[in-house]
Amino acid sequence: MLDDFLVRAALAAVGLSLATGPLGSFVVWRRMAYFGDATAHAAVLGVALALATDLPIGLGTLTVALAMAITVAGLSARGWAMDTTLGVLAHSALAFGLVAVSFFPTVRTDLSAYLFGDILAVSRPELGLVWLGSLAVLALLAWRWQSLLTATLSEDLAHAAGINPDRERLVLVVALALVVAVALKIVGALLIAAMLIIPAATARSFARTPEAMAGAAIAIGAASGIGGLGLSLWQDTPAGPSIIVVAATLFALASTLRRG
Amino acid sequence: MSLISADHVCVRFGDEEVLHDISLKVDPGEIVTILGPNGSGKSTLLRALLGIVPVAEGRVARAEGLKIGYVPQRLMIDRTLPITVRRFLSLPHRVGDDAAEDALVRVGMAGQGAKQMTTLSGGQLQRVLLARALLGRPQLLMLDEPTSGLDQPGEASFYRLIEEVRRETGAAVLMISHDLHVVMAASDRVICLNGHICCEGTPRVVSNAPEYRALFGLGTQGALALYRHEHDHDHGDGHPHHHHHHEHDHA
């Protein structure tokens, strides 16, 4: 069954949703959308770094994404003007990454795979990594869930309960870097943030508890993944962007239904 | 032994010293109120005691294993975060449905568990915050202007609720207010703050202190004048203040 590239692609999309659903919910609640962008864009720089040092691509993206996420989290804790800082960091990381990658001619031709993903070419080991990474993120979030939620609602309430909000922020930062490393192959650096935010925002329309929203975001993410693959096959469109197109359509539908 | 104490604590924001040389303590079972004008550092003091704001000098000591129930002045919940009252009560520690409902009944919010937090009025939110604080079985309740969102009857009943809680659970209460009238009646001890501790003692002692009167600029129409008048003629009917209505002239 895993021999079929479509089955592998669908399984990869579903696996990724397990992580992006709950993590994306936190990204929405904490207004970290731009933060997700900065981390994802840094992954392109990670690709270049991995090529230069002959390390696995996944390790390179994970390292650079983690470094970027920790930098941004540290700056925000020190009270920098986040909107501007993130804008500068996100786009420079992408630009530096693109320039750095251009030094490797073999990659140059394949650049769009890193920007928009290449889910149809997911190999068995890559599929294994997607599931491993996603399950790790899911387990991390489940383990810290109560503390993360308390710190998200109010840092003061968290402090008073003996929870360190900085530590919880770090948990999210690590989870985000992991998701970026995992999702690069599937939706690409430019659309990772969309995969985080759109299913969670769609789930918000009908959820009454945080858990319901995270769960629904997983389901919507998985449905978008499979639907996007279908769209890609049917219209011969790029798979990564097609997934986001389906997700955005579901979002529009949910918003309309809610209002209607 | 005191539940919590501050020993010569200073707090600075940049170059500005917001709190200067604060020493205080709260003993088991007492109700202590911090009074002060706006910008006097009341909230900062509470936050320093909670460990939210770092202390530049001096130290804060808590009794070992002290359980604190904190009720912040306000709680802004992002509209993107769906959460029911019931779910909120289970943060950060999960509680059973019976315990949650008991706590809601206790604060006068019976049967409201299914409501979304973002739909609550200011008074309802304060009550839910208190219910959540009580579920942790605190030895010390810390309340930051708990009645700021309430009208006057709501305020009086909230303070009665606090006193009942103290009587039932034995929890000490440290609260902030800028409302002289009700608070004076409900407190064992009052600490008057304006960057430093101006004066402290029982409500009667503090209300006679010149520092206190200077700070609040109390004239003959002041709330305190009313209070003291009442207080001096209070022969223990227990509710000397509730029939008075007056302007707050201290804020």
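Predicted model: local features only at pLDDT ≥ 70, side-chain atom pairs only at ≥ 80, totals over all residues.
Residues are numbered from 1 along each chain as its sequence is written, and chains are lettered from A in the order in which they are written. Local features need pLDDT of at least 70 and side-chain atom pairs pLDDT 80 or more, whereas totals for chains, interfaces and linings use all residues, and side-chain values use heavy atoms, with hydrogens and water left out.

**Exercise 1.** Describe the interface of chain B and chain A, from its extent to its salt bridges.

*Solution.* Begin with contacts (heavy atoms within 4.5 Å): 28 residues of chain B touch 22 residues of chain A. Next take the buried area, which is the accessible area (1.4 Å probe) that two parts lose on being put together, summed over both; here it is about 2200 Å², with 58% coming from carbon and sulfur atoms. On the side of chain B, Thr80(B), Leu81(B) and Pro82(B) lose the most area, together 25% of what that side buries. Finally, search for salt bridges (a side-chain nitrogen of Lys or Arg within 4 Å of a carboxyl oxygen of Asp or Glu): the rule finds three across the interface. Asp156(A) forms a salt bridge with Arg47(B), their closest N and O atoms lying 2.3 Å apart.

**Exercise 2.** Determine which classes of residue line the second largest pocket.

*Solution.* Apply the classes first: Ala, Val, Leu, Ile, Met, Phe, Trp, Tyr, Cys and Pro count as nonpolar, Asp, Glu, Lys and Arg as charged, and the others, Gly among them, as polar. The lining then divides into 13 nonpolar, two polar and six charged residues.
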